[in-house]
Amino acid sequence: KNNGNHKNQTKIEIKIDFDDLKNVEWARKYIAKLAADRVFDGYADGTFRPNQSVNRIEAIIAAVRMMGLREQAEARTMEGTELNFKDADLIARKFPNAVGYVAVAVENDLFLETDTHVQPEKSGDRLWATMLLVKAMKLEDEAKSKMNVKLPFEDRKDIPAGAVGYVAVALEKGLVSGYSNGTFRPNKAVTRAELAASRHCRRQAVLA
C-alpha cells in the first residue's frame, strides 16, 4: 500500500557483493559482512580484488574500524593531526584520509614502541597482520604470557622469539591457521580476502 511518503524517504545502498569473488567462495560471506559493516571497502569498478595483497595502511585502517573507532579516526583526520613518524609527510601526502587512523592506532597500542616508520605502502605480511589483529583484540597481555610455547609449524624458527606469543594466541583463538604442509609462512603477504576473513575471528574464521 502506498502511504504517499515514499518521496521523502532516502534509500541508502551499501554494496556487499562484488564481481570478482568466484575464486574465493570461502571468503565471500566474510567479505559481504565486512562490507556491510563498512570495515573494508571495495573499488569503484565494482570489484573487491580479493587476491591483491594488503598494504600496511589498509590493514591499519581495517583494524581501527574493526575496533569500532572509525568515527574517532576520521574526526582526528579532519582535525589535522600531526604524526610523529619519520614518514608522516608521506602519509599526509599520499594517504591524507588515513592520518587519523594512524593516530588512533598509536593511541591504542597497535604499533611497537620502537616503530619509527609506518611504511604505509609496504605489503603487510602474515606475521605483522597476526600481531596487529591480536593487539586490536586487546589480547597483548595474553600473548606476552605465551612467548615460550613451542609453535606447531615446520618453519617456526622463522618466527622471531618476541612474536611467538602473538602467533600462539592467534592460533588458540582461531584467528589464523597454518598451511597443509605444516608451515606458517610468516613473511607471506596477506591478501584482501584473508584480511576480510580475519575480521570475523570471533566466529572462528582463519587467516589462511
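**Core, helix and pocket**

Author: In this predicted model, the largest nonpolar core has 53 residues. Those with the most contacts inside this core are Val64, Leu83, Val118 and Ile159. Helices α2 (56–66), α4 (88–94), α5 (99–107), α6 and α8 (164–172) each supply at least two residues of the core.

Reader: Which residues is Ile159 in contact with, leaving aside its neighbours within four places in sequence?

Author: Ile159 is in contact with Leu127, Leu151, Phe153, Val164, Val167, Phe184 and Pro186.

Reader: Let us turn to α6. How many of its residues are buried?

Author: Helix α6 spans residues 126–136, and 11 of its 11 residues are buried. Among them are Leu127, Trp128 and Met131, as well as the charged residues Arg126 and Lys135.

Reader: What is found at the start of α6, and what follows the helix?

Author: At the start, a side-chain oxygen of Asp125 reaches to within 3.2 Å of the backbone nitrogen of Leu127. After the helix comes Lys138, whose phi is positive, near 60°.

Reader: Now the second largest pocket. How much space lies in it, and which residues lie nearest its centre?

Author: The second largest pocket holds about 280 Å³ of space. Its lining consists of 17 residues, and Arg56, Leu112, Asp115, Trp128 and Met131 lie nearest the centre.

Reader: Which helix gives the most to that lining, and what classes of residue does the lining have?

Author: Helix α6 gives the most, with 5 residues. By class, the lining of this pocket has 7 nonpolar, 5 polar and 5 charged residues.

Conventions
Residues are numbered from 1 along each chain as its sequence is written. This is a predicted model: local features need pLDDT of at least 70, side-chain atom pairs count only at pLDDT 80 or more; totals for chains, interfaces and linings use all residues. Side-chain values use heavy atoms; hydrogens and water are left out. On a 1 Å grid over the protein atoms alone, a cavity is a set of points where a 1.4 Å probe fits but cannot get out, and a pocket is an open set with protein on both sides within 12 Å along at least five of seven lines; lining residues have an atom within 4 Å of a point. Grid points are joined across faces, edges and corners, and a volume is the space filled by probe spheres set on the points. Helices (H or I, at least four residues) and strands (E, at least two) are DSSP runs, numbered from the N terminus. Buried means under 20% relative accessible area, exposed over 50%, partly exposed in between (1.4 Å probe, protein chains only). A polar contact is a pair of N or O atoms within 3.5 Å; within protein, one must be able to donate a hydrogen and the other to accept it, and residues adjacent in sequence count only if both atoms are side-chain atoms. A nonpolar core is a set of buried Ala, Val, Leu, Ile, Met, Phe, Trp, Tyr and Cys residues joined through side-chain atoms within 4.5 Å. Contact means heavy atoms within 4.5 Å.
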